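Morning, everyone. I have one structure to walk through today. Please look at the screen, and keep the sequence in view.

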Amino acid sequence: MSSNIDIYEFILDNIRKIVVPEELITLELSISRFELLALMLSEKHQTVTMSNLAQGMSVPMSTATGIVDRLVKKGLLKRGRSEEDRRVVTVSLTDNGKTLVEDLKKHFHDFLNRIRSLITKEEFDMAVQLIRKVVLGFQKSETNSDKKPGQYRRNIEIE
């Protein structure tokens, strides 16, 4: 299984098991992947500005605003204002949002433990090392790309 076609077909045949493991399906989430990502980033940073959230999700501010609007309506996020600059909008998890993210993290840890039960510790460590190498390789290629100035989003800090 070394050709690109073989790997593609294997992934296609098994994508549901890889991307949406059975454990996450049982949560019956009523949120999209981008909403999930927004919740996870909010949990990681505890309080995050809208601009940093949009940047972390790699979406325009208008898209991030729509995602946050939906999560606020669902009672999972709350908006606030920066103490330093009242013009800056921040978001953070509500108690319901914290509970949901903790449940997701538990399922993710269970999923990782399931993987660990299928392979040796050395294989698991090697898989993590390879995934890190690939992610770092993609990050380097993005920063060294031939994009002209203005073709990528800039983050402007407000003082």
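First, the ground rules. This is a predicted model, where local features need pLDDT of at least 70, side-chain atom pairs count only at pLDDT 80 or more, and totals for chains, interfaces and linings use all residues. Residues are numbered from 1 along each chain as its sequence is written, and side-chain values use heavy atoms, with hydrogens and water left out.

Now the layout. The chain has 7 helices and 3 strands. Those are DSSP runs, numbered from the N terminus: H or I with at least four residues for helices, E with at least two for strands. In sequence order the pattern reads α-α-α-β-α-α-β-β-α-α.

How much of the chain is buried? Of its 159 residues, 23% are. Buried means under 20% relative accessible area, exposed means over 50%, and partly exposed sits in between, with a 1.4 Å probe and protein chains only. The chain exposes about 12400 Å², and carbon and sulfur atoms supply 56% of that. Those areas come from the Shrake-Rupley method with a 1.4 Å probe; for residues, only the protein chains shown count as cover.

Contacts next. A contact means heavy atoms within 4.5 Å. Take the contacts with a separation of 6 or more: residues 24 or more positions apart account for 51% of them.

On to the strands. Which strands pair with β3? Strand β1, residues 47-49, pairs with β3 in the antiparallel sense over 3 bridges. Strand β2, residues 77-81, also runs antiparallel to β3, joined by 5 bridges. Two strands count as paired if DSSP finds at least two bridges between them. For orientation on screen, Thr47 has Ser92 of β3 as its bridge partner. Arg81 has Val89 of β3.

Why call β3 largely enclosed by the rest of the structure? Because 4 of its 5 residues, in the run 89-93, are buried. Thr90 lies in this strand. Its relative accessibility is 11%, so Thr90 counts as buried. Leaving aside neighbours within four places in sequence, Thr90 is in contact with residues including Thr47, Val48, Thr49, Lys78 and Arg79.

Step past β3 and you reach Thr94, in the loop between β3 and α6. Thr94 is buried too, at 16% relative accessible area. Outside four places in sequence, Thr94 is in contact with Gly75, Leu76, Leu77 and Lys78. Thr94 and Leu71 are 23 residues apart along the chain, and their C-alpha atoms are separated by 9.9 Å.

Now helix α3, residues 33-45. It has 13 residues and reaches 18 Å from its first C-alpha to its last, close to the 18 Å expected at 1.5 Å a residue. The expected span is 1.5 Å times one less than the number of residues. Buried in α3 are Glu35, Ala38, Leu39, Leu41 and Ser42. Seen down the axis of α3, these buried residues fall within an arc of 165 degrees, so they line one face. That arc is taken from the directions from the helix axis to the C-beta atoms. Arg33 and Lys44, on the other side of α3, are exposed. Lys44 has a relative accessible area of 61%. What covers the buried residues of α3 includes β1, α4, α5, β2, β3 and α6.

Helix α4 next. Met50, Leu53, Ala54 and Met57 are buried there. Down the axis of α4, they fall within an arc of 100 degrees, so they also line one face of the helix. Cover for the buried residues of α4 includes α3, β1, α5 and β3. Just after α4, Ser58 takes a positive phi of about 60 degrees.

Last, the core. Which members of the largest nonpolar core touch the most other members? Leu39, Leu53, Met57 and Leu71, out of 21 residues. A nonpolar core is a set of buried Ala, Val, Leu, Ile, Met, Phe, Trp, Tyr and Cys residues joined through side-chain atoms within 4.5 Å. Two or more residues come from each of α3, α4, α5, β3 and α6. Look at Met57: not counting residues up to four places away, Met57 touches Phe34, Leu37, Ala38, Leu41 and Ile67.
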